[in-house]
Amino acid sequence: MPQSRIKKKTRVIGVEMSTAEAAVATLIAHGLDTVYALPGVHNDHLFDAFHRAGDRLRVVHTRHEQGSAYMALGAALATAKPQAYAVVPGPGLLNSGAALLTAYGMNAPVLALIGQIRAAAIGKGQGHLHEIRDQAGIIARLVDHSSHIREPGEASSKVAKAVQSMSRGRPGPAALECAIDVWGKRGSIPAIVPPAPPRASKIDDASVHAAAKLLGKARHILIVAGGGAQDAAVEIASLSEILQAPVLGYRRGRGLLDSRNPLSVTLPLGHELWGEADAVLAVGTRLLNPITQWGIDKRLQIVRVDADADEPARIQKPKVALVGDAVPILRRLIDELIQRDTRRLSRHDELRERQAKLRQRLIKLAPQLAFLEAIRAELPEDGIFVDEVTQIGFAARIAFPVYKPRTFLSPGYQDNLGWGYATALGSQYARPDVPVLSINGDGGFLYTGNELATAVRHRIPLVAVIFVDGAFGNVRRIQQEEYGNRLIACDLANPDFVKYAESFGAAGRRARGPAELRTALRESFARREPTLIEVPVAAMPSPWEFIQMPRVRGLKERA
Ligand SMILES: Cc1ncc(C[n+]2csc(CCOP(=O)(O)OP(=O)(O)O)c2C)c(N)n1
Ligand SMILES: [Mg+2]
């Protein structure tokens, strides 16, 4: 064998490190500075590597694995940067499952680092501590990118690939697993290099041209914006102005167009405008509910912008599909539209009037709106509101004014009760520069209320409000109204939440009504300490007529 080939094979190209140390060094090289985590014997080497990283890496340990994963999710949503959490295999992984599922539904860059039993025992069903059948198969179904680290030499490249996968193309979570004996195994590690800047996605000029032509000719355009449009707020505002097109945001699209702009609409007006539109520009949204519930017909031409080439035709093939990053695509579209000089009459007055009429209808939700008004008056413009699956949350999605992207965090299509408190905790930890507010029902709060201990332990000044109606109120009202008042499994026994918060060492307060809530919020935001504000409330009016609305198109074609 020629001398040069032998050399190549045996050359030590990197330094000697453990698998865990290589993984941690790679996380740091990729800009991650925090891991949300709950330790255990399978990951002892990993946690030792966290320790050895010193102040280059912060470890925030929680009281339940769902807390770790939701905190990573909240940090990712609030910062738009990849975040990581670490848990033991089996029960640790499953405990974090709802949060990982939510991250998947929200295309959020959350990396799960999951332990494993000894490499030699995987797949044998011998009953080792935390063993779970086919863990690799389970995580492969929860996320798009997952991998198993088999030896120290591949740790760095696998971590790098996982982190990069989370923000390239369609973003989303990733998962890596590593066996208990492999984390500590030492070997030669190739040089750890920071990631190359992502390549700009190619833009299909013909499609942009077709989109500009279609939108240029359309008379009534509605822009629908979702979670995939978070970075394109400037472009969406300018398209809205050029086309005089209202922008509909529901959960994740809220704040992309400032609520003070009359063209910024939520579901009820969006529903009306969907019925009138001859063209829709959908950016970073599945468009599931408008298409399937509000309906489509031949007169409605849809232009979509998606990061994922599989997405456009998943529900209904659009007239034009633009695939890639929203920002450069929308910029190109704006350039084309400006060249066409399609000047339009302002719709501001019309929409202002229609918004006023809607406010009249929304008086039906007066109890919820009074609380939301108190919150908006005290939460600064760039403060972050973390939504929950509760009466105040449902009303907030349609009536809470939102001024900036990433300041209204809502759980996407999973709409999973109990995500709120721990997610808000992660947002507040990652964004110490702005106040974060978590709203909760008494049902949802106790999913992760134990993480008050984490707030106190890590001095996270999150202010949380809990609206206490003594019930899974939403379920209860549905049983009253639609099931002949046959109430089942909906009434709750609650702790005294003020004492509960205080027993953790957090500040506990009680506010009776919107005015007291406003004062409590003002004082709590000023004090900057972990706080829980209990607000006793009565049952609230149903918001569903403003959320689940009937078909407005394609009635004839359907009949
Ligand atoms: C993970 C999960 N489990 C169950 C539900 C069903 N669910 C929706 S709202 C709700 C009740 C919420 O109660 P609470 O948090 O007290 O809010 P309220 O309606 O009383 O304001 C339930 C059980 C859900 N959305 N997600
Ligand atoms: Mg309740």
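Two rings of Phe, Tyr or Trp (its six-membered ring) pair up when their centres lie within 6.5 Å; planes under 30 degrees apart count as stacked, over 60 as edge-to-face and the rest as tilted. By that rule there are 13 aromatic pairs here. This is a predicted model, where local features need pLDDT of at least 70, side-chain atom pairs count only at pLDDT 80 or more, and totals for chains, interfaces and linings use all residues. Side-chain values use heavy atoms, with hydrogens and water left out.

**Aromatic pairs**
- Tyr36 and Tyr429 have ring centres 6.0 Å apart and planes at 80°, so they go down as edge-to-face.
- Tyr36 sits in strand E2 (residues 34-37) and Tyr429 in helix H18 (residues 420-430), so this pair ties together parts 393 residues apart in sequence; helices (H or I, at least four residues) and strands (E, at least two) are DSSP runs, numbered from the N terminus.
- Phe497 and Tyr500 are edge-to-face too, with centres 6.2 Å apart and planes at 85°.
- Both of these residues belong to helix H22 (residues 497-504), 3 residues apart, or about one turn of the helix.
- Tyr421, Phe445, Phe497, Tyr500 and Phe504 make up one aromatic cluster.

**Burial**
- Tyr36 is buried at 1% relative accessible area, where buried means under 20%, exposed over 50% and partly exposed in between (1.4 Å probe, protein chains only).
- Tyr429 is buried as well, at 16%.

**Cysteines**
- The disulfide count is 0, taking a disulfide as a pair of cysteine sulfur atoms within 2.5 Å.
- Cys178 is buried at 0% relative accessibility, and Cys490 is buried at 2%.

Definitions and conventions
Residues numbered from 1 in each chain as written. Chains lettered and ligands numbered in written order.
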